[in-house]
Amino acid sequence: MIMLVILIPVIAGILVPLIPFKKRSHMEIFLETLVILNSLLVWNLLIHRPESVFTLANFTGNLSVSFKVDGMSMVFAGLVSALWPFATLYAFEYMTKEKHEKTFFTFYTMTYGVTLGISMAGNLLTMYFFYELLTLVTVPLVMHTLTREAILASRKYLYYSLGGAAFAFIGLIFVIIYGSTTDFVLGGVLDLEKIGNRSNVLLLIYVIAFMGFGVKAALCPFNSWLPDAGVAPTPVTALLHAVAVVKSGAFAIIRLTYYSFGVEFLRGTWAQNVVMLIVMFTIVYGCSRAVKETHIKRRLAYSTISNLSYILFGVTIMTPLGMVGALSHLVFHAVMKISSFFCAGAIMHQTDKHYVHELDGMGYTMPGVFGVFTVSAFALMGVPGLAGFVSKWNLASAAVESGNVIAYGGIACLLISALLTAIYMLTIVIRAFFPVKDFDFKTLDGEKDPNWKMLVPLFVFTIFMIIFGLFSAPIVNFFADVAAGIY
Amino acid sequence: MYYIILSILFPILTGLYLLVRKEIKDRKRLLTITGIFLVISGALVILALCMAGNGIFTLFNLTERLPVLFRIDEVSVVFSVMTVIIFLCAGFYSFVYMKHEEKEKRYYGYYLMVLGVLIALCFAGNLITFYLFFELLTLSSMPLVLHNGSREAIMAGLKYLFYSLSGAYMSLFGVYFVERYGNTLTFSPGGVISAQAAAEHGGILLIVCFAMLIGFGVKAGMFPMHAWLPAAHPVAPAPASAVLSAVIVKAGVLAIVRVVYYIFGASFLRGSWVQNAWMVLTLITVFMGSMLAYREPVLKKRLAYSTVSQLSYILFGLAVMNEGSVTGGLLHVLCHGFIKTALFLCAGAIIFMTGKTKVSELRGIGKEMPFLMWCYTIVSLGLIGIPPTGGFISKWYLAEGALASGIPGFNWIGPVILLISALLTAGYLLPLTIQGFFPGADFDYSALKKKEPPLLMTVPVLILTVLSVGIGLFPQVFINYLSQIVEKII
């Protein structure tokens, strides 16, 4: 069953260029059906969760490729499988203006399977395998337009990701040597007897591995690939570079911290302080760069950098509540950011405008898109009643509860970042809805909202932002159960 | 119970309706609709005040520990009644004034929404509900500031937005800690910080309390975060400046009342460094605001600086934390509300009829619109604090409270600064009266025309003038009511 949901998208992706579709709409139907089917299978799998570990292959000793669905997998796989059908629908409309559609959909759909592989990996080695694979299948998507810029960006993406994975690999080796197993166990697998007095070495290795996985999560100073990768078509930027790929980085760090090294071993050490300070710096850094940036998609990419570090901030608090905060931001940010990216994509698709200063008065010609954008801006800022507030609340109250003074500083960073978020998001909203006095609306003639394939995902995400904001208790309770190891 | 929800949602929803519906060609129809909406909103608030009792009404839970709940107590009554009166006066006034501005429908839409949000702030029963509507207040009142769409107005709107948001986030910083250490965010007279929490986490709680004071103080124009106020208030259309300057800034005062007396509690803060630092800040603001107003040539800007100074009178009263000063502060909320609205409406009427904005251009204005200038003069006397107006009573209580407080230093510096500032108030408000009625020997009387504004403008000003004098003539009614509040929280 687990193999099935991973393989269906991969095979579907490979089939796209092989099947001679008569019409474009046939390919759309084929892909959308398979993606929805696969998502249903995933949800079925999550609800009727197999307790056992599924081992695909055994290498020497305790190294094996195995899968297991635990609480963390449920969160990440559930999120990814909920978003993918909508993103595919959106991509059909968006890609009408781009070339090489088939190549695009091949890799786009394959990525779905690989991401599910990461989420359901049962041990560090399997996760590492899919993690590398994810880099490889997404590179073609980044260089899709084949402009010089895109090729440079994809090369950068490749080098950064592979380099990061190499550092993470060091962590993997140490866990194999000093751990009792490489399976994911909440609370960690390190064997204190084997470590003896070498705990400082292991802490150093933790920091190195954290930074290694942090490359994908765009941790400063390894963030510069993410804004550059924005040259990819918007469905890629929205789904992969705001959710699937970067959140795989965050997901891997959660696995590393809570399931391999274990928070008992790490809490209160210098390693925790180091990673927390780096994360705090990234939070503020990402936002400040976003304020400076005038290209819409790059601005949102910098915003992603900062928001990913919110998640990592929750991780570095290293308490169960911190994990709840991290998980809630992992899910809620996905919805908020994908919807704002889709708005940016819709603007580019309809009008070919890429810069913030070109958006004057467009709230009146594209009310649907800008309405959704406004809601997602409010949500990202953390206006109460929308999703962003809840996740920030969870993060901050975890920080207060931990009693860690550096974490108090982290709350301040979150709030500074919230203010900067308001600045870079609301300046767009204000331009769109309140153009200067003698603005000439004739320049906007012919611009209108995109068709239903683009609008439906946007409205669905908006509804989710509101539901998560108002009635978050069930889902946050579920996260608390995950953090307590009930699932 | 549902009256509360109705009184909050009705203005917000009707405001939204006006915003999204298509342009109304017939101006009379727009005004009729808006007028009806305004009157019904006011009536609903009164109905809620009469019918709802003082039970707690929980709407729903944001998360398990964060309920959105409403409750009407005496403080809500004071603030909501003031809000409704001022909104009705300024609303009807704008039916005439807005004739020379564009996009009227948008203006009334946001105007109604702001009313609903303010009512919600008055009725909020815990800090998180308050915070929710506090952010909504910023977001919904910002369009009023940048209404005319000039570059200056948009810049002022952004400044307002970002100052307010940074204030809101500073207070949010405190909210996180209060929720954890106080274990609840529900407002209760005397505070929610238990003795044990105060002993264990006293240091950090004082720090976050100070952050919250500064944060909510942004809305109330307290130094060092006052700079948005003189930029934002004058660029708005006059009736919008009136509600901004008289009511919306009071949301900051209300926030501070709630935080200090209903969350932290006076006994926790009395004598701490927070109280001292806060008093210093308010006194600086009082003095600085008056000074800047005195130097300012443009009338509406002058009034905005005056707001900065007057609001810190209120905050100073709250900071001293004894019976007299808090009573004085709360009474000054009402006095300043009515007076400042009247002043801004006068300034707006002058702009509407003559197009002049600077004080120096207004020689002889009293001969042109005598009735309006009489009202102006009377409320000015009120703001200076000359009996028998309301301002005298509130300042009397403020100064008396400060003198009786026995806080070394502040018990005499406070009243002295208040008096100096009163003198400056006379210095910046009365020249208009003097030049207006006594333009001097060399003045050319032949150019004067009767320019009394239409009734829909003068009647609201008259009502507010009467109210501000009424407080001074029958102070006992108000003092008795306010003492009910003060007894519970001191």
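**Close-up views of the predicted model**

**Figure 1. The end of helix H12 of chain B.** Directly after H12(B) comes B:Met321, with a positive phi near 60 degrees; helices are DSSP runs of H or I of at least four residues, numbered from the N terminus. Residues are numbered from 1 along each chain as its sequence is written, chains are lettered from A and ligands numbered from 1 in the order in which they are written. The model is predicted, local features need pLDDT of at least 70, side-chain atom pairs count only at pLDDT 80 or more, totals for chains, interfaces and linings use all residues, and side-chain values use heavy atoms, with hydrogens and water left out. B:Met321 occupies the loop between H12 and helix H13 (323-354) of chain B, and with a relative accessible area of 2% it is buried (under 20%; exposed is over 50% and partly exposed in between, for a 1.4 Å probe and protein chains only). Of the 22 residues of H12(B), 21 are buried. The helix, residues 299-320, reaches 32 Å from its first C-alpha to its last, close to the 32 Å expected (1.5 Å times one less than the number of residues).

Figure 2. B:Asn183, a residue other than glycine, has a phi near 70 degrees. This residue is placed in the loop between helix H6 (151-182) and helix H7 (195-219) of chain B. B:Asn183 is exposed, at 57% relative accessibility.

**Figure 3. Cis peptide bonds in loops.** In chain A, the bond from A:Cys220 to A:Pro221 is cis, with omega near 10 degrees. A:Pro221 belongs to the loop between helix H8 (199-214) and helix H9 (225-228) of chain A. In chain B, B:Pro387 and B:Pro388 are joined by a cis bond with omega about 10 degrees, and B:Pro388 sits in the loop between helix H15 (370-384) and helix H16 (390-405).

**Figure 4. Helix H2 of chain A and its neighbours.** The end C-alpha atoms of H2(A), residues 24-47, are 35 Å apart, which agrees with the 34 Å that its 24 residues should span. Its buried residues include A:Met27, A:Phe30, A:Leu31, A:Val35, A:Leu41 and A:Leu45. The buried residues pack against helix H1 (2-18), helix H3 (71-94), helix H4 (101-120) and helix H19 (452-470) of chain A (contact: heavy atoms within 4.5 Å).

**Figure 5. Aromatic rings in chain A.** Over all chains there are 57 aromatic pairs (Phe, Tyr or six-membered Trp rings with centres within 6.5 Å; planes under 30 degrees apart are stacked, over 60 edge-to-face, the rest tilted). The rings of A:Tyr128 and A:Phe169 form a tilted pair, because their centres are 5.2 Å apart and their planes lie at 45 degrees. A:Tyr128 is in helix H5 and A:Phe169 in helix H6 of chain A, so the pair ties together parts that are 41 residues apart in sequence. A:Tyr128 is buried at 14% relative accessibility, whereas A:Phe169 is partly exposed at 35%. Elsewhere, ring pairs join A:Trp84, A:Phe92, A:Phe104, A:Phe105, A:Tyr108 and A:Tyr112 in a cluster.

Notes: Helices (H or I, at least four residues) and strands (E, at least two) are DSSP runs, numbered from the N terminus.
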